[in-house]
Amino acid sequence: MLVENFDINKYSLATLAEVKAALRDASFLVVDARGCDAYAGWSTRFNKLGGHIKGATDFSVSWLKSVVDFETEQHLVKVCQNKGIVAGVKVIIYDENRLDAFKVAEFFQSLGLDDISVFDLKLWDEKLVSYENYQLYVPPVVVADLLAGKAVKEIGEVNKLVVLNIGWGSKESSGYFEGHVPGAIHVNSDDFDDEENFYRLESDQVLMKLAMSKGIRVDTTVICSGSTIFACRYAVILKYLGVERVYVMSGGLNAWVDSGLLLEAKDNPVVPVVDFGIKAPKNHHIIRTASEVKSRIEDDSFMLVDNRTIEEYRGETSGYDYFSKAGRINGAVFGYAGWGDSNSMHYYENVDKTMRNAYEIRDMWLEAGIDTGKHLSFYCGGGYRAAKVFWDSKVMGLENTSLYADGWCGF
């Protein structure tokens, strides 16, 4: 779907005054065409200006590269509809390189938009805005910088860097040997989930021993990579135990490759530690048990958010072949996840697997009746999808949230 051949002079150049006027005009959209990590707040080798123009939405040029099948194409169509990118709307698209905006403009024109201009973000004269905790999702190029020993201000001092590749199964069956971030250590999700008990979390003692077996202490800097829901699931567990410098690589392994970086397929040695550094878990409050959820479900200051498909929420399917009971926890509010299967996160991920626009997530929650003024506890079938939503909530700056990690299967 990416347009490769275009006339760079085809679209008029918007002035600074025109962009500012468009931000006050409901008939206009101002669109950021750069990578979503730049929109969120990151300055990288690809985009030097971290953050976005206040009031602008995002439509990354990388999404056009990611449309490889009917499902992702349909996802992108829904993205356009949700953002109001439809025939008749007037659009100003900005970037930093005079290329990304033109490629997105060509795509918008194919949708029937005919009033399109472009803008050079380097001409913007006001402060750009960022997500409050954008650093929790680390772009692949920044992970590469960390691996090369370069200083990254958002990360700070790195005492010891451990990169993890989290997946289901052994190194052989999980895809670890098909390619991972150089230096990454494999983590089998079966080692923190009890497969004999509907994949509920293992005990605190088992979780702490697993972390130490991977060379992780409370002061270790950890990057979780692999499938985003797996990476977020284990990142939350490490936060729960007390590891404060835990990050998730944005976009997964496809984003690593799309950034022009090479994967490796060799095994990497692990140096276990014998002392975690504190008595874990330190952050009890971020993971809720079934008994805690049951005791608070009637509390007006508490809201349980169901992050599954609408079919699971309605009780039309359990969502899993190993768990037959369908339905939802009484009192839970539907909070979206994806569609089609129990691993999808379309409502929270862009087509390139980066985090969806935070303002759109908030609007979606508002429409669903989710009150961010209350304590929000997220759950799904077994904790993976909800872990992704919980991580997004932290990126958005919401502190009063938790993960009900055992989900519907463990209630």
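**Exercise 1.** Are Y39 and Y131 buried or exposed? Classify the geometry of this ring pair and locate both residues in the chain.

*Solution.* The model is a predicted one. Y39 and Y131 are both buried. For the geometry, note that the structure holds 19 aromatic pairs. In the pair of Y39 and Y131, the ring centres are 6.1 Å apart and the planes stand at 75 degrees. Planes over 60 degrees apart count as edge-to-face, and the pair is therefore edge-to-face. For the location, Y39 belongs to helix α2 (residues 36-40), while Y131 lies in the loop between β5 (115-120) and β6 (137-138). These parts are 92 residues apart in sequence, so the pair ties them together.

**Exercise 2.** Apply the analysis to W42 and Y134.

*Solution.* The centres of the two rings are 5.5 Å apart and their planes stand at 90 degrees, so this pair is edge-to-face. W42 sits in the loop between α2 and β3 (57-58), and Y134 in the loop between β5 and β6. The pair thus links distant parts of the chain, 92 residues apart. Both W42 and Y134 are buried.

**Exercise 3.** Describe the pairing of strand β8 and the burial of its two faces.

*Solution.* Strand β8 (residues 185-188) pairs with β7 (residues 161-167) in the parallel sense, over four bridges. Within this pairing, N165 stands opposite H186. In a regular strand, side chains alternate between the two faces of the sheet. In β8, I185 and V187 are on one side, and H186 and N188 on the other. These four residues are all buried, and both faces of the strand are covered.

**Exercise 4.** What is the strand order of the five-stranded open sheet, and which strands stand at its edges?

*Solution.* The order is β13-β17-β16-β14-β15, with parallel pairing. β13 (287-288) and β15 (333-334) each have a single partner strand, so one side of each is left without a neighbour in the sheet. These two strands stand at the edges. Strands β16 (residues 375-379) and β17 (residues 401-404) are joined over three bridges in the parallel sense; F378 has L403 of β17 as its bridge partner. Helix α13 (residues 384-395) packs on the sheet and touches β16 and β17. The direction of α13 makes about 170 degrees with that of β17.

Conventions. Residues are numbered from 1 along each chain as its sequence is written. This is a predicted model: local features need pLDDT of at least 70, side-chain atom pairs count only at pLDDT 80 or more; totals for chains, interfaces and linings use all residues. Side-chain values use heavy atoms; hydrogens and water are left out. Rings of Phe, Tyr and Trp (its six-membered ring) pair if their centres lie within 6.5 Å; planes under 30 degrees apart count as stacked, over 60 as edge-to-face and the rest as tilted. Buried means under 20% relative accessible area, exposed over 50%, partly exposed in between (1.4 Å probe, protein chains only). Two strands pair if DSSP finds at least two bridges between them. Contact means heavy atoms within 4.5 Å. Axes are lines fitted to C-alpha atoms, for helices over the stretch in contact, and angles run from 0 to 180 degrees between N-to-C directions.
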